[in-house]
Amino acid sequence: LPGVTSLDLRGEKAFTFGTNRELVLTLDLFNAFNASTILGKQYDVTAGGNTGYNQPIEIMNPRLLRFGVRFQF
């Protein structure tokens, strides 16, 4: 299979409270271009049905957006 490329992005903003307290907000975007890259194919020539020979058996996860909050003290 050809090489796999994926663009993942991350942004974060930190807010400081007092001397040792920090609130961090994060935003992650995985597979930004929403590529349906094939990660695995069936190489068994005796396999039949929907997963027959040379059919994709695994593709990359779709675009995913994740929010996060972290409090450090």
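Modeller: Buried here means under 20% relative accessible area, exposed means over 50%, and partly exposed lies in between, with a 1.4 Å probe and protein chains only. N31 has a relative accessibility of 5% and therefore counts as buried. The model is predicted, so local features need pLDDT of at least 70, side-chain atom pairs count only at pLDDT 80 or more, and totals for chains, interfaces and linings use all residues. Residues are numbered from 1 along each chain as its sequence is written, and side-chain values use heavy atoms, with hydrogens and water left out.

N31 sits in the loop between β2 (21-30) and β3 (38-41); strands are DSSP runs of E with at least two residues, numbered from the N terminus. Leaving aside residues up to four places away in sequence, N31 touches S6, L7, D8, M60, N61, P62 and R63, where contact means heavy atoms within 4.5 Å.

The loop between β3 and β4 (56-59) holds Q42. Q42 is also buried, because its relative accessible area is 18%. With residues up to four places away in sequence again not counted, the contacts of Q42 are A47, T51, G52, Y53, N54, Q55 and I57. A polar atom of the Q42 side chain lies 3.2 Å from the backbone nitrogen of D44.

As for the setting, the chain has 0 helices and 5 strands, and buried residues make up 12% of its 73 residues. Its C-alpha atoms fill a box of roughly 65 × 20 × 15 Å along the principal axes.

Methods. Helix = DSSP H or I, 4+ residues; strand = E, 2+ residues; numbered from the N terminus. Polar contact = N/O pair within 3.5 Å; in protein donor to acceptor, adjacent residues only side chain to side chain.
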